[in-house]
Amino acid sequence: MKKFIAISMAALMTMAFASTAMAKNGYGKQKVVYHINYDNAKRQLAALRNIQNHINAVGAKNLDLRVVMHGKGYTLLKRANKDLALQDKIIKLKDQGVKFEMCANTMRGHKLKASDLFGLKKSDIVPSGVAEIAKLEQEGYAYIRP
Amino acid sequence: MNDAPYISDEILNAFVDDQLSAEEKEQVYAALARDEKLKQRMCELRSIHDLARLAYLDPPASRIGEYVGPTRRRPWIAASVACLMLCLGLVLGRMINPSPHTAIPVLANAGRNETLIEAANLHRHSGVTKILFHLNSGDPATAREALDEVENALKYYARARKPARIELIANGGGLNLLRRGTSPFPKRIREMQKKYPNLRFVACQNTIDRLRREKGIVVHLLPGTAIIDSGVAQIMRRQQEGWAYIEV
Amino acid sequence: MNVLNLFYRTRESRRMLETSRARLYRVAYAWCHNAALADDVVQETLMKAYRNLGQLRDPKAGQAWLFSILTNCYNDHFRRNRETEDVDEQELIEETTPEMETGQLQIVDRVRKAVATLPEGQRQAVTLVDLEGFSYIEVAQILDIPIGTVMSRLCRARNALRGKLLEEFRQQPELREAVMRRVK
């Protein structure tokens, strides 16, 4: 009886370890969601720097990185409309595969149009920032709020 | 003769709950026959017992969805496979910090015994969205934002008819929100607690202790607040259980 | 070879656990009057029980064993710092359910409210006896207290309930009638 269980467990554990290894060691993609819900310009700049550092460390093709903005975080894109340097940074990140997503509730609450927010396409708008973050986390994305 | 033994409250209760020996029961019966008041007390106790049972025969349904019963095809095989999958699930859970994806494909094949899968799977894919909000700033504006976000999330999932559980955990400066006397929104919190049974406010015991040690403050929490040993430990626990984590 | 035996016993135990969920939930709900929390606690209880099924030698003792796990999980969730708490804070938040609006369930509502005002130890003892029919010895095991304490908590709980509910009935005799009818 014990042998039977031992052998089966060994077999199953090998299977398990094999599949886990895929996700963790960088043979698969690392998934991260960055959460921005504050107004502070310096802090937002630092966040963009963090993201670039993250890309540098792991490699753009090994990274699935989303930025979800809601609450006061919308100011990042609003400011960028008038700030060319900020626009540069955002474009550069987008070129490396970073997705910037905006919360529809927030836009409604602050009466924002897509044109008020730099580079925002319809496909970047999610119904609820919080729900989106929760969904991503439950899909295995790590959560970072820089 | 008036040497009847005194029937204490304890004995009377034990009689109602059928916890007495035959001999003790005899004594009580005898006393009941003699004493009208005793009889009345006994009837009242029995009513209380029945009422308590009645009051919870039909508790409000939990929001977390029904278990699907297992289908029993070739039970021998299903049982052994399911058992081994269970062990596997537990091994995985303990040894690795898995992303949900790794656990599911293996367990999903473990026959149709969904109860076992749920148990081994630590809440992960029961279809309920679970979100943990973390507040550690005492700034009232931030606290208000936290409540707004929590409430928006609750409304969102209610409207979308998706079951959800939300917890707000407060430590450090954030504890102010849950303290009587310092909370800027005690009424709002009370309203939210009444309105949303799937919402819980949690206070950090470490912070409570620290306030006492360093500032001599005795913390009184708002009613209905749960207490956890350590905010940070709870956050890690919840994340391991598949909760999403959001900092406010 | 006892493979079949092992699986049979495990299956029995599993079946016991599966059918216990509703009863665990009922008691957990009676303790905290919060559906989400009760669910949480019951889920943890069942998981712990599955993990430790091997420790259960006698299936007949299974129920008391299961409920003692429930007690531990429940207490963990509400770890109390006795010194910083007032009596007030033991008050449970009553959920408003639609049924409570109608007079139909006024009785249930009042009883639950009365139960909610009991101190936790008394509430746990009286619900284990009244809802699950555990013997005093089993309750002593489940709550990990001496049997004398079980009896005294039970007494105090029932006295307190009696006081509260009788007062209500005195003010509303028709309620008493309704109760007497139901209880028969």
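Reply: What follows is a set of questions on terms, each answered from a definition.

This is a predicted model, in which local features need pLDDT of at least 70 and side-chain atom pairs count only at pLDDT 80 or more, while totals for chains, interfaces and linings use all residues. Residues are numbered from 1 along each chain as its sequence is written, and chains are lettered from A and ligands numbered from 1 in the order in which they are written.

Me: What makes up the secondary structure of chain A?

Reply: Helices (H or I, at least four residues) and strands (E, at least two) are DSSP runs, numbered from the N terminus. In chain A there are six helices and five strands, and their order from the N terminus is α-β-α-β-α-α-β-α-β-α-β. Chain B has 10 helices and five strands. Chain C comes to nine helices and zero strands.

Me: Why is His134(B) called buried?

Reply: A residue is buried if 20 or more other C-beta atoms, placed from the backbone, lie within 10 Å of its own, exposed if 12 or fewer, and partly exposed in between. His134(B) has 23 other C-beta atoms within 10 Å and is therefore buried. This residue belongs to strand E1 (residues 129-135) of chain B.

Me: How much of each chain counts as buried?

Reply: In chain A, 28% of the 146 residues count as buried. For chain B the share is 43% of 248 residues, and for chain C it is 35% of 184 residues.

Me: Which residues does His134(B) touch, leaving aside those up to four places away in sequence?

Reply: Two residues are in contact if their C-beta atoms, placed from the backbone, lie within 7 Å. With those up to four places away not counted, His134(B) touches Ile169(B), Ile235(B), Tyr245(B), Ile246(B), Glu247(B) and Val248(B). Tyr245(B) is 111 residues from His134(B) along the chain, and their C-alpha atoms are separated by 7.5 Å. Among contacts in chain B with a separation of 6 or more, 74% are between residues 24 or more positions apart.

Me: What makes a group of residues a nonpolar core, and which members of the largest one touch the most others?

Reply: A nonpolar core is a set of buried Ala, Val, Leu, Ile, Met, Phe, Trp, Tyr and Cys residues joined through C-beta atoms within 7 Å. The largest such core has 67 residues, and Met69(A), Ile131(B), Phe133(B), Leu168(B), Ala170(B) and Ala203(B) touch the most other members. Helix H7 (residues 140-159) of chain B gives the most to this core, with six residues. A second, separate core of 56 residues includes Val27(C), Trp31(C), Ala38(C) and Phe134(C).

Me: Why are H2(C) and H3(C) called oblique to each other?

Reply: Axes are lines fitted to C-alpha atoms, for helices over the stretch in contact, and angles run from 0 to 180 degrees between N-to-C directions. Angles under 35 degrees count as roughly parallel, over 145 as roughly antiparallel, 65 to 115 as roughly perpendicular and the rest as oblique. Helix H2 (residues 35-51) of chain C and helix H3 (residues 62-77) of chain C pack at about 130°, with axes 9 Å apart. H2(C) and H3(C) are therefore oblique.

Me: Which residues meet where H2(C) packs on H3(C)?

Reply: Among them, Leu37(C) and Val41(C) lie on the H2(C) side, and Leu66(C) and Ile69(C) on the H3(C) side.
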